[in-house]
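Subject: Structure handover

Hello,

Here is the structure you are taking over. My notes on it follow below.

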Amino acid sequence: MVMGATGSKLEKALGDQFPEGERYFGLENFGNTCYCNSVLQALYFCVPFREQLLEYYGNNKNVGDAEENLLTCLADLFSQISSQKKKTGVIAPKRFVQRLKKENELFRSYMHQDAHEFLNFLLNELVDILEKESNAAKGSPKTSSPREMIANGPRNSQANGNGVQKEPLVTWVHKNFQGILTNETKCLRCETVTARDETFLDLSLDIEQNSSITSCLKNFSSTETLNAEDKFFCDKCCSLQEAQKRMKIKKPPHILVIHLKRFKYIEQLSRHKKLSYRVVFPLELKLSNTVEDADSEYSLFAVVVHVGSGPNHGHYVSLVKSHNHWLFFDDENVEMIDESAVQTFFGSAQEYSSNTDHGYILFYEKFGSKS
């Protein structure tokens with residue numbers, strides 16, 4: 001455990017404003033693991049997720065036959081950070097990174113990895129582990145084991161092949177990150193609207209130069225006409241018809257994760273190119289493209305930033321809001337930054353710019369809804 005000069009500098013900067021019980025620890029880099037460190041910091045400061053993970057750790061640490069997996073390694077890492085005697089310092093997430101490489105060959109090399117791919121893999125893996133544990137607990141004759149308390153909450157019933165109602169599991173990972181999209185298709189001949197729901201843990205948005213998250217979300221929900229070879233098969237007309245299609249948010253998640261598609265495949269170049277477009281992301285966001293007319297209001301609490309001019313090399317850092325202070329995490333280093341500094345990561349209004357630090361994954365927490 002190293003106590004760096006940056007740690008004591010951070011303690012001095014915060015002084016008696018240092019939040020009670022909070023810990024600000026940098027994470028050691030094991031050779032291009034900044035993609036992992038930056039996402040882990042954002043998740044650590046996603047307070048409801050952290051609290052539920054620590055509760056899981058408390059309920060499960062004495063289970064003798066528990067086998068190590070990504071969930072236990074993550075819970076162990078968060079527990080290590082939160083229980084440090086010192087307020088600041090550096091921790092090596094070695095067990096977690098080793099486990100990640102064991103679970104997924106994509107992350108085994110020392111190549112530059114994609115932070116969004118890692119976040120996606122991690123959240124889905126955590127859900128899989130919780131679902132397996134819940135099924136194992138249901139299959140055992142014992143009751144009231146801590147593992148049975150993993151998943152609860154509102155659920156939509158689904159009928160299985162025998163017509164018996166089957167409850168899909170809603171884990172605490174779902175409760176934090178899962179939202180529901182509805183895909184509405186309207187036949188232009190008979191005007192029947194077909195709606196299909198799908199769940200999401202994050203939203204990937206196409207970006208344009210000099211735009212904002214609000215306009216990217218509007219484009220995401222804009223109406224598209226299906227015609228020519230893209231016609232829609234209408235069940236009512238029993239034939240292919242022209243139709244209009246749009247995607248709306250039916251149930252906004254508690255934690256809204258937005259991934260900006262900064263890496264675009266350019267066919268002429270036969271490779272991906274990084275778009276350094278300026279996309280403004282506000283500290284407070286109103287989500288208006290929802291099925292209900294009520295706006296959901298969100299507050300920005302973390303940004304994973306990609307530093308570099310291309311997709312196959314570069315670096316990741318994260319900005320995190322904790323107890324009304326903004327912090328900058330760059331692997332082992334942690335420092336305080338001013339709230340206004342967040343704007344420097346919007347991107348560039350010019351095609352070529354010396355600034356290559358761009359917001360890539362945004363984490364917003366819902367703080368209330370108004371009609």
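To begin with the helix packing: the axes of helix H2 (residues 34-44) and helix H6 (residues 115-139) come within 9 Å of each other and cross at roughly 55°. Axes here are lines fitted to C-alpha atoms, for helices over the stretch in contact, and angles run from 0 to 180 degrees between N-to-C directions. Helices (H or I, at least four residues) and strands (E, at least two) are DSSP runs, numbered from the N terminus.

The model is predicted: local features need pLDDT of at least 70 and side-chain atom pairs count only at pLDDT 80 or more, while totals for chains, interfaces and linings use all residues. Residues are numbered from 1 along each chain as its sequence is written, and side-chain values use heavy atoms, with hydrogens and water left out.

H2 and H6 are therefore oblique to each other; angles under 35 degrees count as roughly parallel, over 145 as roughly antiparallel, 65 to 115 as roughly perpendicular and the rest as oblique. Their crossing is right-handed. A crossing is left-handed if the near helix is turned anticlockwise from the far one by less than a right angle, and right-handed if clockwise. On the H2 side, Tyr35, Cys36, Val39, Leu40 and Leu43 meet Ala115, Phe118, Leu119 and Leu122 of H6, where contact means heavy atoms within 4.5 Å. The residues of this contact divide into 9 nonpolar, no polar and no charged. Ala, Val, Leu, Ile, Met, Phe, Trp, Tyr, Cys and Pro count as nonpolar, Asp, Glu, Lys and Arg as charged, and the others, Gly among them, as polar.

Another helix pair is H4 (residues 70-82) with H5 (residues 94-103), packed at an angle of about 165° with axes 9 Å apart. H4 and H5 are therefore roughly antiparallel to each other, and their crossing is left-handed. Leu70, Cys73, Leu74 and Asp76 in H4 meet Arg95, Phe96, Arg99, Leu100 and Glu103 in H5. This contact of H4 with H5 divides into 5 nonpolar residues, no polar and 4 charged.

The buried residues of H5 are Phe96, Val97, Arg99, Leu100 and Lys101; buried means under 20% relative accessible area, exposed over 50%, partly exposed in between (1.4 Å probe, protein chains only). These buried residues of H5 pack against H2, H4 and H6. In helix H3 (residues 47-60) sits Tyr56, which counts as buried at 5% relative accessibility. The C-alpha atoms of Tyr56 and Leu71 are separated by 9.4 Å, with the two residues 15 apart along the chain.

Now the strands. An open sheet of 4 strands runs in the order E6-E5-E12-E9, with antiparallel pairing; two strands pair if DSSP finds at least two bridges between them. Its edge strands, E6 (193-200) and E9 (224-226), each pair on one side only. From one strand to the next, the twist averages 30°. E9 pairs with E12 (residues 243-251) in the antiparallel sense over 3 bridges, and Thr225 has Gln244 in E12 as its bridge partner.

Strands E14 (residues 263-266) and E15 (residues 271-274) pair in the antiparallel sense over 4 bridges, with Ile266 opposite Arg271 in E15. The two form a hairpin with 4 residues between them, and Ser270 in the turn has a positive phi of about 55°.

Overall, the protein chain has 8 helices and 22 strands. Of its 371 residues, 47% count as buried.

Regards
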